[in-house]
Amino acid sequence: MSHWIDPAILALFVPTFFFVSVTPGMCMTLAMTLGMSLGVRRTLHMMWGELIGVGLVSVLSVVGVAAVMLNYPALFSAFKYVGGAYLVWLGIQMWQAKGKMAIPADLSAGQETRPLGLALQGFVTAIANPKGWAFMVSLLPPFINAAKPMVPQISALVVLILLIEFSCLLLYASGGRTLRHFLARSGNVTLMNRIAGSLMLFVGVWLAFG
């Protein structure tokens, strides 16, 4: 990788993107919520959808498509409102202890949540955030050396981005799992559902109106 990107640039890029990625945001909040309600293993389905979205945003940002898309807010509004409404609906269901994502009173009872649906949640959350696009547009180009082949550089940066993003998603999902176990020991499943539901509502509103 150092053959494609200057080591000094890598040394600056990795901590910069880690700091930005680990900062609480829509995707990280979603990972924590699902980690709490579904567990880390099932949350992995959301993660791979989110990582596909982040990778797509990264590549398109570098090639300049993002700049064009940001000039068409109606396109983002459609993604934002539909995706936000879906997450709000899930949050309301969790508050009411209904739906497949709600934590059952019997924690030993398995929850059936479709992997594709979770992946779509992650994908929509990643690509429907104009702030994410704007950040990638401003962050990535300075790390690209026009004198070197573009494809290897972009590939290397995207791989780094996805590795860092995945690590942060796991960190947040594990935090949700820890909270789940803590509350489960207290037998307070209703509180657990309401915390997770409130976080989901927050992400949905943030996605739609942020």
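Visitor: At what angle do H2 and helix H6 pack?
Guide: H2 and helix H6 (residues 115-127) pack at about 160°, and their axes are 9 Å apart. Helices here are DSSP runs of H or I with at least four residues, strands are runs of E with at least two, and both are numbered from the N terminus. Axes are lines fitted to C-alpha atoms, for helices over the stretch in contact, and angles between N-to-C directions run from 0 to 180 degrees.

Visitor: How is H2 oriented relative to H6, roughly?
Guide: That angle makes H2 roughly antiparallel to H6 (over 145 degrees; under 35 is roughly parallel, 65 to 115 roughly perpendicular and the rest oblique).

Visitor: Which residues make the contact?
Guide: On the H2 side they are Met26, Cys27, Leu30 and Leu34, and on the H6 side Leu118, Gln121, Thr125 and Ala126. Contact means heavy atoms within 4.5 Å.

Visitor: What kind of model is this?
Guide: The model is predicted: local features need pLDDT of at least 70 and side-chain atom pairs count only at pLDDT 80 or more, while totals for chains, interfaces and linings use all residues. Residues are numbered from 1 along each chain as its sequence is written, and side-chain values use heavy atoms, with hydrogens and water left out.

Visitor: Back to H2. At what angle does its axis cross that of helix H3?
Guide: Roughly 155°, and the axes of H2 and H3 (residues 40-63) come within 8 Å. That makes H2 roughly antiparallel to H3 as well.

Visitor: Which residues in H2 and H3 meet?
Guide: Cys27, Leu30, Ala31, Leu34 and Gly35 of H2 meet Val40, Thr43, Met46 and Glu50 of H3. Cys27, Leu30 and Leu34 are also among the H2 residues that touch H6.

Visitor: How far apart are the axes of H3 and H6?
Guide: They are 7 Å apart, and H3 and H6 pack at an angle of about 35°. The H3 residues in this contact include Arg42, His45, Met46 and Glu50, and those of H6 include Pro115, Leu118, Phe123 and Ala126. Met46 and Glu50 of H3 also meet H2, and Leu118 and Ala126 of H6 are in contact with H2 too.

Visitor: Is Met26 buried or exposed?
Guide: Met26, in helix H2, has a relative accessible area of 4%, so it is buried (under 20%; exposed is over 50%, partly exposed in between, with a 1.4 Å probe and protein chains only). The C-alpha atoms of Met26 and Gly204 are separated by 8.5 Å, although the two are 178 residues apart along the chain.

Visitor: And Thr29, what is it in contact with?
Guide: Leaving aside neighbours within four places in sequence, Thr29 touches Leu199, Phe202, Val203 and Trp206. Thr29 lies in H2 (residues 26-37) and counts as buried because its relative accessibility is 7%.

Visitor: Zooming out, how many helices and strands are in the protein chain?
Guide: Nine helices and zero strands. Of the 210 residues, 42% are buried. Among contacts with a separation of 6 or more, 85% are between residues 24 or more positions apart.

Visitor: Which residues does the "transmembrane region" annotation cover?
Guide: The unreviewed UniProt entry gives 12-39, 51-72, 78-95, 150-171 and 191-209. Positions follow the numbering used here, feature names are shortened, and annotations may be inferred rather than shown by experiment.
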